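Work through the exercises below with the sequence and the model at hand. Each task is followed by its solution in steps.

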Amino acid sequence: DERVATILQETLLKWDGTRYKLISWVIMPNHGHILITPEPTFTISDIMHSIKSFTAHEANKILDRRGQFWAKEYFDRYVRDYRHFASTIKYIENNPVKARLCASPEQWPYGSAYFR
């Protein structure tokens with residue numbers, strides 16, 4: 001649902017520079033990926049809780065439903081070096097191309113490549 005994707009993207013952008021530095025993201029029809037650097041006073045756990053709590057509430061309102069919206073877990077990775085950093089951005093931004101939702105990452109309106 002484009003309305004839910006918009007809420008997710010606006011939320012990610014809203015907290016960029018306050019809770020984390022948002023480096024790369026993509027919102028897919030059934031999942032998403034983000035690459036962030038947390039600000040010193042925030043943990044990944046705090047950040048994910050905030051994102052998931054706020055967006056679940058908003059998405060449930062949009063969809064006129066109640067209950068759990070997100071899976072409880074999330075998967076985090078430690079980026080070890082510049083090469084890993086660059087390949088992670090490429091992986092994230094290429095997700096909609098791989099899923100055949102668009103021909104190039106820049107065409108997908110719910111991802112960081114679109115804003116470059």
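**Exercise 1. Find the buried residues of helix α3 and say what covers them.**

Step 1. Buried means under 20% relative accessible area, exposed over 50% and partly exposed in between (1.4 Å probe, protein chains only). In α3 the buried residues are Thr88, Ile89, Ile92, Glu93, Asn95 and Pro96.

Step 2. Their cover includes β1 (20-27) and β2 (32-38), where contact means heavy atoms within 4.5 Å. Helices (H or I, at least four residues) and strands (E, at least two) are DSSP runs, numbered from the N terminus.

The model is predicted: local features need pLDDT of at least 70 and side-chain atom pairs pLDDT 80 or more, while totals for chains, interfaces and linings use all residues. Residues are numbered from 1 along each chain as its sequence is written, and side-chain values use heavy atoms, leaving out hydrogens and water.

**Exercise 2. Describe the largest nonpolar core.**

Step 1. A nonpolar core is a set of buried Ala, Val, Leu, Ile, Met, Phe, Trp, Tyr and Cys residues joined through side-chain atoms within 4.5 Å. The largest has 21 residues, of which Leu12, Tyr20, Leu22, Ile27 and Ile51 touch the most other members.

Step 2. At least two residues of this core come from each of α1 (2-14), β1, β2, α2 (44-63) and α3. The largest share, five residues, is supplied by β1.

Step 3. Apart from neighbours within four places in sequence, Ile51 contacts Leu12, Trp15, Tyr20 and Ile34.

**Exercise 3. Classify two aromatic pairs.**

Step 1. Rings of Phe, Tyr and Trp (its six-membered ring) pair if their centres lie within 6.5 Å; planes under 30 degrees apart count as stacked, over 60 as edge-to-face and the rest as tilted. The whole structure holds six aromatic pairs.

Step 2. Tyr82 and Phe85 are 6.1 Å apart centre to centre with 35° between the planes, a tilted pair. Tyr82 is exposed at 64% relative accessible area, and Phe85 is partly exposed at 26%.

Step 3. Trp108 and Tyr110 have ring centres 5.9 Å apart and planes at 75°, so this pair is edge-to-face. Trp108 is buried at 13%, and Tyr110 is buried at 13%.
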